Every structure is written in structure tokens, then in C-alpha cells.
Amino acid sequence: MPSMALLSSIVDSLSTLGWSLSAKLGTLALTIQDAAPASVEEGWEGWHTIENQKIPTLVAVVFFGLVMFIAQRQAKAGKDIPIRRIAGLDALDEAIGRSTEMGRPVLYVPGIDEIKEIQTIYSMMILRHVAKKTAEFGTPLIVPVKDSVVMTFAEEAVKQGCLDAGRPDAFIPDNVRYLSNEQFAYCAGVAGIMNREKPAANLMLGMFFAESLILAETGFATGAIQVAGTAKQHQLPFFVAACDYTIIGEEYFAVTAYLTREPGLLGTIRGADITKIVAIAAIVIGVVIATMYSAEIAVGNTETPFQSFLQLFAPKSN
Amino acid sequence: MKREIPILLVVLCGLAITWAFFSPAPMSRAVNDELLAWGTVFFSVAFLLGISNLVRISLKQISSRHPDWPYKLLLLLVLFGYLLIGAAEIHGWFGIPGGENIRRDWIYKRIFMPLQATMFSLLAFYIASAAFRAFRARSLEATLLLTAGALVMIGQVPIPSFFPFADWIGDTSVRLQGFLMAYVNAAGQKAIIMGAALGTLATGLRIVLGIERSYLSE
Amino acid sequence: MIRPMLALQEASPIPFFTMDGEMDLLGGWLICFLTLSVFSFLYKDNPFYKIAEHTFVGAGTAFFALQYYSEGILEPLYVHINHAMQLPAGELMQLGGYGVDPTYAIIFRSVAVLFSIFLLSRMVFPNGWAPRWPLAVMVGVYAALKLTGETQSKLVLQVASAMQPLTNPEKLAWSDNWVAVEETQVFYTFANTVMVVGLICALAHFIFTYKRTKILGGVSRVGIIVLMITFGSMFGFTVLGRYALLIERVDTLGGFNNQDYALFGTSALSPPILLTVLIALVLAVSLRGKNSTSTS
Amino acid sequence: MAKRTDKALDLDRRWIFLVIAILVVVLYALGIAAEMPVNQYVQSYYDTIEELDEGSIVLLSADFDPASAAELLPMYQATIYQLLKRNMRVINVATWPAAPPYTREEFEKAAPLYKKKYGVDWVELGFKPGDDVAMGQIGQSVTSAYIQDDRDGKPLADFPIFKDVGNSFEGISLLITMSAGYPGILEWIAQAGGRYDVPILAGTTAVQTPDLFAYYPTQLKGFLGAATGATMYLQLVGADVPQLEEVTITNQKRMLIQTWAHLLIIGLIIYGNVLYFVGRRREANA
């Protein structure tokens with residue numbers, strides 16, 4: 001089939017081009033190392049080289065970084081970047097407002113992971129905005145935490161949020177509470193707060209594990225508005241089942257951009273969007289090529305253009 | 001300076017680890033290893049902050065005769081009793097041969113293990129009540145949630161043979177379940193995993209490059 | 001509880017208390033009591049549950065503290081530095097499989113000790129500058145670790161693994177044999193198309209900053225449907241594990257339901273049965289008259 | 001998502017709890033066993049181990065605790081028996097603090113049966129704190145992630161098994177994790193599978209199992225999903241290991257209780273939906 005041959009040559013040259021492009025990107029600061037790393041024995045020798053397998057990751061990081069910077073500059077220069085509606089986030093204001101009307105506190109659960117999880121660090125950034133809003137409304141904000149390191153971050157975030165609102169007096173140190181490092185003991189403590197202090201809004205944003213269902217069920221029984229958000233896929237089903245609003249997966253990482261509409265953050269989200277579109281395109285191209293050569297792949301031919309294309313994403317080790 | 005030095009440390013450590021990830025140089029492994037060991041040390045040391053907080057709050061409640069104070073006393077007794085026994089075993093105090101762990105093992109198997117496992121097993125009850133409440137065919141989305149959930153539940157277990165059409169139900173549900181898990185579920189999972197990875201990349205890059213500072217107060 | 005057990009000790013082949021690894025009477029009763037106390041929470045918060053909960057917090061915190069003490073402080077600081085000091089001259093210290101001069105190894109770890117003291121200074125000076133340094137190191141290290149590791153395994157490699165051919169000539173032609181339907185060409189193409197289209201739609205659902213045109217809106221709606229089926233199936237799958245845990249607890253309790261552990265060697269007075277009745281009675285008496293609406 | 005006007009929600013959920021408790025206890029007391037057909041993921045887990053050369057070194061990571069031992073311990077036991085029966089050499093590590101006691105207990109039971117020697121055929125390195133950080137360190141170099149072993153407290157160089165192990169998973173032919181959550185299989189895939197060329201197998205809890213389908217078969221060679229997977233695997237391994245007979249039957253018995261629990265929940269869902277539609281029709285008529 002002539003068309004097949006043409007396609008194969010196009011794909012081949014494309015992938016070689018892509019390969020050398022990514023290689024060029026690499027050489028901006030680094031040179032690609034051909035020798036096996038095991039043969040390098042001197043400590044710093046090869047410090048400027050990179051392992052073959054990791055080139056696609058480097059390209060992804062650099063690509064994302066570039067796109068992010070460009071989008072951020074455009075956004076700061078006044079380019080309008082719209083952001084789609086996220087229902088769960090519109091509900092945040094409503095939930096805090098309802099708490100204020102009812103004169104009851106807002107409960108913020110930053111997940112149960114330690115600071116080593118980026119979702120936890122991100123939860124601290126969201127906490128700052130929530131603290132700002134509750135301080136503006138004059139509603140008490142209770143933050144139970146599971147880890148002592150997270151506690152220090154949470155205290156800073158709430159303090160800063162109150163400062164942002166111009167109400168430093170709204171910060172109550174006793175409301176950022178360390179409960180326990182034990183997962184289920186922590187969970188029991190939070191359930192206790194839900195029952196005793198009857199918060200009208202439960203915001204559960206962060207990294208959750210098996211306790212998610214206990215928290216969500218208890219919160220439902222106390223009649224609070226519940227907004228949950230996590231990028232942890234296992235716990236999403238339980239939040240979707242038991243909470244009023246759920247912020248799903250990547251939406252979680254768009255929260256601060258959505259709440260502040262700050263150009264820098266919007267630029268970051270735009271960067272992620274473009275990267276995602278590139279990923280989708282790559283998947284489509286990959287699937288098309290793989291399907292065209294499926295007969296050869298099935299008989300174990302590893303020299304098809306598909307494999308050269310796949311090499312761009314998952315190169316063999318040196 | 002209160003903010004600049006920490007940001008500088010974030011950027012330096014972040015770049016060092018990022019470099020160590022990409023570089024095959026032997027030294028990168030040493031740098032990586034050392035920084036990770038630091039992280040482990042800080043994490044373990046920070047545990048002291050947690051214990052001191054727990055003890056402080058418990059003592060406060062005991063001294064102010066909070067309604068639950070006897071339980072707090074129990075908590076402190078168990079905590080310090082276990083800590084003392086453990087430390088004695090690790091360091092060989094009170095004539096106990098150092099490095100033994102039979103006493104810790106006793107407490108572990110008779111107290112810690114049953115409590116943790118039972119707490120966790122409470123979820124068997126909660127998951128049933130959550131399913132009962134949430135799985136209603138209110139909308140297209142909710143109906144799909146319900147159907148997929150029920151199918152997977154049936155497909156996971158053998159159907160008792162006295163049920164009408166047990167073989168057919170068993171066979172069909174296993175196949176549908178397999179299809180849902182291996183293809184539809186895998187697609188949804190992949191999308192969430194990739195989205196979360198992008199979010200992590202975005203946030204991580206902003207932190208490592210020192211652009212994102214809002215987690216540190218001014 | 002202890003007295004009756006002392007009374008039955010002569011009759012029972014199981015020792016009252018032993019640390020040689022075998023189960024003992026005290027342990028058996030303790031396990032049953034704690035297990036049933038936790039289960040009593042399903043009815044309502046009560047003193048038995050509070051005893052179990054506070055014992056748990058105490059024991060759990062101590063358990064983790066001891067682990068972190070020996071593995072996170074003793075080993076990387078005491079053992080490591082000791083090891084470096086005792087190395088014969090000229091020998092190198094292994095760090096991540098790479099040998100460095102022991103002096104450097106000691107200096108590096110000393111910085112970690114210093115930063116640990118900074119971290120602990122928070123107990124005395126809650127607003128000081130010092131605790132921020134180790135915290136900053138942690139944020140930098142972990143953020144970079146996640147950023148590189150997850151981009152590799154959860155982004156790049158996931159894109160690569162999504163590139164599956166939609167046809168597979170190895171598969172059978174469409175057969176009327178329902179048993180082998182998963183092995184047919186048609187099924188293979190259908191299933192993989194569902195996967196790829198589902199993945200793309202679900203990914204498109206997470207596109208935030210582009211206008212929701214009809215196409216993007218429609219694709220995103222399909223994405224939501226895929227996500228909902230995903231959540232449903234995950235929920236269904238989880239049920240399995242939760243019941244496995246419950247059955248294991250019942251199994252443990254059942255293991256103590258025999259004459260060896262029972263009072264006066266009568267299995268009707270075995271720990272799980274006796275304690276269940278006891279807890280139920282106490283709860284019925286103590287909670288009677290109180291407002292007994294569901295607490296959670 | 002749940003609407004509060006739903007009439008069926010008035011049912012005190014403690015009635016549901018009571019029904020579940022009665023069902024589980026009664027079925028447990030009856031004790032009937034049910035056999036399971038084996039699925040491809042379990043078969044592939046079993047085959048991957050069977051296809052290894054004799055004497056290969058396997059890194060076995062225990063990443064669980066008592067809370068999940070119900071699901072994972074039977075798989076862990078069976079895996080140990082299969083590995084020792086096939087004459088593999090095993091390096092045991094753990095990233096969960098509560099896991100090492102299980103490792104010791106199981107190996108002390110299984111090793112004498114196959115005349116295996118500590119330090120030559122298996123070694124216990126114990127718990128390493130730091131979660132995925134620790135995994136990264138173990139991946140970079142087992143011999144420098146641990147200074148001494150967990151059982152005897154001796155330096156690793158004293159054990160013959162480490163003569164054949166290098167950095168970056170050199171010499172290790174397979175990584176198996178019994179994973180209960182975080183850190184677990186996903187972190188191992190990121191820290192080991194993503195960085196080094198080592199095949200990975202996993203036994204997981206039901207919560208974790210659904211996201212493993214996305215990694216099979218490229219990044220993950222096979223896995224045992226929850227109690228079902230454990231039962232299937234036990235049927236494969238336990239066929240000629242008398243020591244596993246009891247646990248196999250226990251697992252098959254549990255599967256029956258499981259079945260009825262699932263049917264009960266489905267019944268509840270149907271009941272709830274009937275109430276919901278009846279209530280809605282009534283509202284529409286009123």
C-alpha cells in the first residue's frame with residue numbers, strides 16, 4: 001500500500017524530528033548521555049547529562065514551564081482568560097454565607113496527609129482564601145489537623161487570611177486544632193467537632209483516605225452543607241455520594257485561580273490546559289499509528305513507526 | 001529576611017532534588033539520599049510537636065475537670081506506659097535486654113491491632129448506609145453511578161446457585177464488571193490521574209521556582 | 001473482669017498472661033472487650049467507646065512515636081554518625097550507593113540536627129523565624145520529588161500507555177460463541193475505542209480556560225458520564241474490602257468463642273458472648289431516659 | 001447530591017447496621033465455602049513468579065498494617081510460599097511501621113519447610129520511614145537505604161544475599177508489594193517502575209484495586225485484587241501446599257458471607273429506589 005509507506009516515512013521523519021527537537025531542548029542546558037550511567041564512577045562526572053528515560057519528563061516539565069510563563073505574561077498584559085464554572089466553588093460562598101446567617105462556625109478539613117503531599121500544601125493556599133472570607137463575614141473557622149507540621153502551616157495560613165481581610169483580631173489560635181496522628185482517632189475527633197459544635201458548612205479539601213466516608217456521612221447527619229474536593233481518585237466516589245458538592249480531580253488545583261482570578265494563576269491553568277490538549281493530540285496520533293500497524297505489532301515486530309513514536313514518550317533505558 | 005531565606009531554601013532544595021531526578025551522576029544520588037534523609041529526620045522530630053500538643057491539651061482538660069477528663073487520664077497513662085516500655089526495650093533499661101520487642105509486641109497485638117482493625121471495619125456499616133442513601137435514580141449521572149456500582153458488586157462475588165438464572169447472572173455480571181473495570185473505569189482513572197499529575201506539576205513547579213509563596217505568611 | 005478469670009485459670013490450659021507469643025487469657029478478653037466497645041459506637045457514642053477511643057489514641061501515638069524514634073532519629077542520626085566516625089581512615093561512607101568522605105557525611109547530618117533544633121524551637125517561640133527553615137527544606141524537597149516523579153509516572157507514561165491499537169489481528173473473528181466474546185476482534189475494537197474516547201472526553205472535561213462551545217460542552221458531558229461510571233464501579237469494588245474487614249473481626253471474635261477462654265469452661269460464658277450481653281445491658285440501663293436520637 | 005426531602009432517608013440507619021450485623025454473624029456461624037474462578041490479573045501474577053529463574057532475587061515490600069491484614073495477609077502468606085517453593089531469594093522491606101511483625105512471623109513458619117537459611121535465602125530489613133521518599137532510597141540502593149538488618153542488627157555486608165545486589169535494582173528481578181494504601185503500589189510504580197526497569201506485582205485492598213487497571217499490563221505485571229483476588233490466588237498456590245489449605249477454605253467461606261452482604265446492599269438500593277419512586281408519584285398526584 002503506497003499510502004501506508006508514505007505515512008510510515010512521514011511518521012518516521014516526524015519522530016526523528018521530534019526526537020532531535022527534544023534532544024536539542026535537552027542540550028540547552030544539558031547534553032544527552034549515551035553511555036550507561038553505571039560506567040560513570042567519578043562523583044560529579046556526568047552532572048550535566050540526563051538519563052534517556054527521563055528526557056520526555058524533562059521535555060514535559062520545560063514545555064509546561066514555557067507555556068505557563070507565556071500565558072502568565074499574556075494574562076498580566078491584560079489578555080482575558082475565561083475560566084469555566086465549577087459548581088462546587090460557587091457553593092463555597094453560599095456555604096460560608098449560610099453559616100454566617102445561622103451564626104454557626106465553618107469547618108475546614110485539610111485532608112489527612114502530611115506536608116509532603118502537594119495537595120496538602122495546596123489546601124493551605126485555599127485555606128488562606130477561606131480564612132479571608134470567614135474573617136470578612138466574622139464567622140468562626142475551625143481547622144482540625146492530623147499532623148503537627150501541617151498544623152504550623154495551617155496556623156500561618158489562617159493568620160495570613162485574617163490579615164488579608166484586614167481583621168487580624170479574627171484569628172483564634174485555639175481553632176486550629178491538632179487532634180491526633182492516628183488516622184481513625186483523628187477522624188473520631190472531627191466527627192466529635194461536627195456533633196458538638198454543629199458547623200453549618202463542612203469544607204473538606206485535600207488528600208483523603210478511608211476516613212472520607214465517615215466524615216462525609218457524619219457531616220450529612222448533622223445537616224451541614226458539604227463541599228468536598230480532592231484529586232485522590234479513590235475517595236471521590238464517596239464524596240460524590242455523600243456530599244452536596246464535589247470538586248473533582250484537576251478542578252481541585254484550579255481552586256485558587258477560580259477564587260482570586262489572579263492573572264498569574266489563570267496563566268498557570270491555561271498552561272495546564274494547553275499541555276492537556278497536547279497530551280490528547282499525542283494520544284490520538286499514537287492510537288492512529290498503532291492501529292495502522294496493529295498487524296505488525298501483534299506478530300511482535302518492534303521496528304514499526306509506532307514504536308519510534310512511542311519512544312518519544314517512553315524511551316528505552318540507555 | 002523572615003521570608004526570603006525560607007524561599008531561598010525551598011528553591012535550592014527543590015532544584016537539587018529535581019536535578020538529582022534527571023542526572024545519572026553518582027553525586028546526584030548522594031545529594032538526593034542526604035536530602036531525603038533530612039526530610040525523614042525532620043518528619044520524625046516534628047512528631048514531638050504533636051505529642052507535646054496532645055499532652056498539653058489533655059492536661060488542660062484534666063485540670064479544668066472537663067466532663068471527659070477520666071478518659072484523658074487513661075489516654076496519658078496508655079501513652080506514657082507504652083512509651084516507657086518501648087524505650088526500655090530499645091535501650092535495654094531496667095534489666096531488659098536491649099533490642100527485645102516482646103513487650104511491645106504484646107501491647108501491639110492485644111490493644112493496637114484489634115482497635116485499628118475494628119475502627120476500620122466500621123466502614124462496612126457506613127458504606128451500606130451511604131449506598132442506601134445516595135444510590136437513587138434521580139438523574140442520568142446518578143443512575144449510571146448506581147448501575148455501575150451494583151454491577152461491580154454482583155460481579156465480584158459468586159452467586160448462590162438457588163437464585164433464578166444464577167449462572168446467567170453470575171456470568172453476565174462478571175463480564176460486564178470486567179468490561180467496566182478494565183475499560184471505562186480505566187479511562188476515568190487515567191483521566192483523573194493525568195489531571196492530578198498536571199495539577200501537581202503546575203503547583204510543584206510554582207513552588208520550586210519560588211513563584212508560589214502564599215503558603216508562607218508575610 | 002480480672003477476678004473471674006483468675007478463678008478459671010486452674011481449669012483452663014491457656015495461661016493467664018504470657019509474652020512468649022502465644023495468646024493468653026488476659027489478651028483474649030482484652031481483644032474482645034476493645035473490639036466490642038468500638039462496635040458499640042454504631043448504636044451511639046458511649047463510655048465503652050470512649051475508653052476504647054482514648055486507649056487507641058494513646059497506644060497509637062506511642063506506637064508511631066517509638067517507630068519514628070528508632071527509624072527516623074536513632075538510625076539516620078545516631079547510627080549513621082557513629083558509623084561514619086568509626087570508619088577506618090581512607091574508607092568512604094556510602095550515600096545513595098556513592099562513597100563520600102565520612103567527614104562530609106558527619107557535617108551534613110549535623111546540619112540536619114541543627115535544623116531539627118530549629119524546628120523544635122517552635123515549642124518555645126511560636127512566631128520565631130527558625131522553624132521556617134526546616135519547613136522550607138521539607139516543602140522544597142517534597143514538592144520537587146512529587147513534581148518530577150508524578151510527571152514521569154502519572155503523565156508521560158500514562159500518555160504512552162494510552163496508545164493502544166484499536167484492532168488486533170490475533171483476536172478471533174466474530175463468533176456466535178458467547179463464551180469467547182472477549183476474545184473477538186469486534187469486542188477488542190469496541191472496548192479499546194470506549195477506553196480511548198472515554199479517556200479523551202474525561203480529560204477534556206478538565207479543560208478550564210477555553211469557551212464552552214457546543215463541541216467542548218458535549219465532549220465534556222460524555223466525560224462526566226465516564227467519570228460517574230468510574231465512581232460507581234469504584235464504590236462497588238470498595239464494598240468488597242470493607243466487608244472483608246468486618247468478616248475478619250467477626251472471625252477473630254469467633255476464635256475466642258470456646259471453652260478455653262470461657263468462664264467456668266462453659267462456652268455460653270465465652271468472652272464475646274458475655275461481653276456483648278454486658279455492654280448491651282449497661283448501655284440499655286445507662287442510656288434509658290436520655291434523648292436517644294441518632295448522634296451521627 | 002442526596003436530597004433531604006427523600007422520604008426513605010427517614011429510616012434510622014441503625015436498622016441497616018443491625019441487619020448487617022445479624023447477617024454476617026449468622027453466616028459466619030454456618031461456615032459454608034464457595035470456590036472462585038480465577039481471573040487474568042491473578043493468573044498473570046502467578047505466572048510472573050512461576051516464570052522467573054530459580055534463585056532470582058525478589059524484593060518483597062510489606063506495605064500494610066493490622067487494619068488491612070484481613071485482606072492482605074492471606075495473599076502475603078501465599079506469595080511467600082510460592083516464592084520459597086520456587087527457590088527464589090527474598091529481600092523483605094516495609095514502608096508501613098506496623099508491617100515487619102507479619103514478615104517475621106510468616107517467614108519463621110514457611111522457611112523451615114523449604115530448608116531456607118536466613119541471610120542466604122531471605123533477609124528482613126524492616127520498616128523504613130519516609131513513605132515514597134523511603135521507596136526512592138530503597139530503589140536507589142537497598143544497601144545504603146538500610147545500614148543493618150532488622151532481625152540480627154548486623155551490617156548488610158555480612159549477608160551473602162547482598163553480594164548479588166547492586167544499586168538501581170541491579171540484580172533484583174521482581175518487586176512485589178502488599179499494598180494497603182499510601183504509600184503503596186502507586187508510589188512504588190512512581191519510585192521504582194518509573195525510574196528503573198523492574199517488573200512489579202502487587203496485592204492490594206479493594207479500595208486500591210480499581211486504579212490498578214490503568215497500570216496493567218505495562219507498568220504492573222499482575223495483581224491480586226482484594227479478598228476475591230486472594231481467594232483465587234490461594235486456590236492456585238494452595239493446591240499443593242498443605243499449610244495453605246486452612247486459609248484457603250477460610251477465604252472461600254468468607255467469600256460466601258461477602259456474597260450475601262453484596263446482595264443485601266443491592267437489596268437496600270432497590271428498596272430505597274422503590275420508596276423514592278413511590279414517593280415521587282405520590283407527590284406528583286398530590
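This is a predicted model: local features need pLDDT of at least 70, side-chain atom pairs count only at pLDDT 80 or more; totals for chains, interfaces and linings use all residues.
Across the interface of chain C and chain D there is one salt bridge.

The bridge in question can be taken as Asp251(C) with Arg254(D), where the closest N and O atoms are 2.6 Å apart. Around that contact, chain C contributes 47 residues and chain D contributes 50 residues. The area buried between the two chains is about 4200 Å², and carbon and sulfur atoms give 64% of that. Which residues of chain C lose the most area to chain D? They are Leu240(C), Tyr243(C) and Ile247(C), and together they account for 15% of what the chain C side buries.

Next, salt bridges in general. Side chains of opposite charge can pair when their charged atoms come close. Over all chains, a search of the whole structure gives 33 salt bridges. I will go through a few of them.

Glu217(A) and Arg13(D) form a salt bridge through their side chains, at 2.9 Å from N to O. This pair crosses between chains: Glu217(A) sits in helix H7 of chain A, residues 212–221, and Arg13(D) sits in helix H1 of chain D, residues 13–30. Are these two residues buried or exposed? Both Glu217(A) and Arg13(D) are buried.

The second example stays inside chain B. Arg103(B) and Glu89(B) form a salt bridge, with 3.2 Å between the closest N and O atoms. The two residues are 14 apart in the chain and link distant parts of it, Arg103(B) lying in helix H4 (residues 102–121) and Glu89(B) in helix H3 (residues 69–91). Arg103(B) is partly exposed, at 22% relative accessible area. Glu89(B) is buried, with a value of 0%.

Glu124(D) forms a salt bridge with Arg104(D), and here the closest N and O atoms are 3.0 Å apart. This one joins a strand to a helix: Glu124(D) is in strand S3 (residues 122–127), Arg104(D) is in helix H4 (residues 100–110), and 20 residues separate them. Glu124(D) is buried at 4% relative accessible area, while Arg104(D) is partly exposed at 25%.

While we are in chain D, a word on helix H2, residues 40–50. The buried residues in this helix are Tyr41(D), Val42(D), Ser44(D), Tyr45(D), Tyr46(D), Thr48(D) and Ile49(D). What covers the buried residues of H2(D)? The cover includes an element of another chain, helix H7 (166–208) of chain B. From chain D itself it includes helices H3 (66–85) and H8 (226–237), along with strands S4 (172–179), S5 (200–204) and S6 (222–225).

Now chain A. It has twelve helices and eight strands. Of its 318 residues, 61% count as buried. If we take contacts in chain A between residues at least 6 apart in sequence, 69% of them join residues at least 24 apart.

Six of the strands form an open sheet with parallel pairing, in the order S5-S4-S3-S6-S7-S8. Strands S5 (176–178) and S8 (245–248) stand at the edges with a single partner strand each, so one side of each has no neighbour in the sheet. From one strand to the next, the twist averages 15°. Within the sheet, strand S3 (residues 106–111) and strand S6 (residues 201–207) run parallel and are joined by five bridges. For a point of reference on the screen, Val109(A) stands opposite Met204(A) in S6(A).

Last item, the cysteines. How many disulfides does the structure hold? Zero, over all chains. A disulfide is a covalent bond between the sulfur atoms of two cysteines.

Definitions and conventions
Residues are numbered from 1 along each chain as its sequence is written. Chains are lettered from A and ligands numbered from 1 in the order in which they are written. Side-chain values use heavy atoms; hydrogens and water are left out. A disulfide is a pair of cysteine sulfur atoms within 2.5 Å. A salt bridge is a side-chain nitrogen of Lys or Arg within 4 Å of a carboxyl oxygen of Asp or Glu. Helices (H or I, at least four residues) and strands (E, at least two) are DSSP runs, numbered from the N terminus. Buried means under 20% relative accessible area, exposed over 50%, partly exposed in between (1.4 Å probe, protein chains only). Two strands pair if DSSP finds at least two bridges between them. Axes are lines fitted to C-alpha atoms, for helices over the stretch in contact, and angles run from 0 to 180 degrees between N-to-C directions. Contact means heavy atoms within 4.5 Å. Buried area is the accessible area (1.4 Å probe) that two parts lose on being put together, summed over both.
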